[in-house]
Amino acid sequence: MKISVKNNPDHSLINKGLVVFLCATPWFFVTLEDWSSGILIVGFLLCSIVHFLPHAAYPILHRQAEKQRLGVMVAFVVPSLLITLAGLARQDLDGSMIDSSMRFVVAIPIFMFVLRHRMRVSHWLYGACIVSLWLTFLNIVFFPQPERWGAGRLATAFSDPLVLGYSSLLFAAAALASLFWMPSTSRWWTGFKISAAMLGAYLSIRTGSRTGWLALPLLLLMFTVVHRQHRLERGVKIAAALGGVVVMLVAVGVWKYVPSVSTRIQEMVAGILSYSLHGMAPDTSTGLRITFLRMAWVLLSQSPWDALVGLGETFARTSPMPEVVRAFASPFAIHMAFSSGFHNEIVTVAVGSGVLAGLSMGGLFIYPASVFFHYLRSPDWETRACAHLGMIVVVCFGISSLSTEVFGLKHTVSFYALILALLLGACIGRNHHSNR
């Protein structure tokens, strides 16, 4: 006879300890290089072991929740499958090409563990996001940081300004969201959350990166629309309104009094307006990104076969570029695209493994976002808290993926896969009828 975890305090303690361990992922995300990858791998092993221990009966989910569970597993598996099939079709399958996508497969046992045991993760994850900002700041203050990306652009020992920029915004948004979805009983803790949010904005500005900035107004607009007619407590509505005003005032102040921000935005706008589709394209930050998109279109449109299976590992590409590409892309732009990626997650995967593989990577943003959006107004407090944090993570990573490869680095893809597994499992697992 199987022993229920509800009647076995030892197993319950093990489960809670495992959740706390997994939720520590944000702590050293950009300060310890193998931190998130290590937690993902160890979490995979531990959750797989716990799966075979005597545990609580599998919950009978509501019909829609069961479809969502299957949808998550499909979304996590399909990218690796398509990339593998494309490599086999080209006869040059490289294990490094599925390294990133396989981390979502590795995260499935974690997703099923949280779902099966209906674990609460919001309290720990919100707290970890808040603490991580201060740990990052202390690391930058007390340990010398490299200046490989130009003087004045903040980074850490292994995390570039782009990653540090959008991750700081993500954690800052989580700190603000925690004021509404994880109420504090202590004024000190509330002040700590507010100071962490301000610190996250400061760190992002110091990186000089524009990657992910668009996520904040999109999130604010989305949450405003969702809760426009929702019966929230009066205090929460007042706090949200005041928070919106403060955010607008801070944005105006940053634009006016922080030269690095206004300069970067003006450069982006000028780069878009001045970009010409005739002649050699400029090698500016914005110009290069537009050029990369044009290069990808030319390469994938050469033949249906190239569009279906891609060109393979771009880092190893030695064949000459088509004349039409060399007519508008400088040697520097071509070298950068094939050595550092096309600065767009979906496009980079599509060039390497085909359009279908690229779209499947896009599904890792779209499908989780649809699940989280469904639960933003859930009557269950834990589900609602997880859904809001999940939407913050997906939107911040999704917007950032438009101008950089968010899955190209092991620590970023491990972080995203693990956080998705925890939050999706928590949201879906709480929508059940009973136990089998």
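Colleague: Does His 117 count as buried or exposed?

Modeller: A word first: this is a predicted model, where local features need pLDDT of at least 70 and side-chain atom pairs count only at pLDDT 80 or more, while totals for chains, interfaces and linings use all residues. Residues are numbered from 1 along each chain as its sequence is written, and side-chain values use heavy atoms, with hydrogens and water left out. Now, His 117 lies in helix H5 (residues 108-117); helices (H or I, at least four residues) and strands (E, at least two) are DSSP runs numbered from the N terminus. Buried means under 20% relative accessible area, exposed over 50% and partly exposed in between (1.4 Å probe, protein chains only), so at 13% relative accessibility His 117 counts as buried.

Colleague: Which residue's side chain makes a polar contact with the side chain of His 117?

Modeller: A polar contact pairs N or O atoms within 3.5 Å; within protein one must be able to donate a hydrogen and the other to accept it, and residues adjacent in sequence count only if both atoms are side-chain atoms. At 3.4 Å, the partner of His 117 is Asn 15.

Colleague: Okay, the whole chain. What percentage of its residues is buried?

Modeller: The protein chain has 19 helices and 2 strands. Of its 436 residues, the buried share is 51%.

Colleague: How many residues of helix H16 are buried?

Modeller: H16 covers residues 345-353 and is largely enclosed by the rest of the structure. Its buried residues, including Val 347, Thr 348 and Val 351, pack against helices H3 (63-90), H12 (285-300), H13 (304-309) and H17 (355-374), with contact meaning heavy atoms within 4.5 Å. Of the 9 residues in H16, the buried ones number 8.

Colleague: Which residue caps the N-terminal end of H16?

Modeller: Look for a side-chain oxygen 3.2 Å from the backbone nitrogen of Ile 346. Just after H16, by the way, Gly 354 takes a positive phi of about 105°. The residue with that capping oxygen is Asn 344.

Colleague: What is the relative accessible area of Phe 342?

Modeller: Phe 342 sits in the loop between helix H15 (331-340) and H16. Among the residues it touches are Phe 292, Met 295, Val 347 and Val 351. Phe 342 is buried, and its relative accessible area is 1%.

Colleague: Are H18 and H19 roughly parallel or antiparallel to each other?

Modeller: H18 (residues 381-400) and H19 pack at about 155°, with axes 9 Å apart; axes are lines fitted to C-alpha atoms, for helices over the stretch in contact, and angles run from 0 to 180 degrees between N-to-C directions. Residues that meet there include Phe 397 in H18 and Tyr 416 in H19. Under 35 degrees counts as roughly parallel, over 145 as roughly antiparallel, 65 to 115 as roughly perpendicular and the rest as oblique, so H18 and H19 are roughly antiparallel.

Colleague: What is the relative accessible area of Thr 404?

Modeller: Thr 404 is found in the loop between H18 and H19. Its contacts include Tyr 166, His 343 and Asn 344. Thr 404 is buried, at 9%.

Key. Lists of a residue's contacts leave out its neighbours within four places in sequence.
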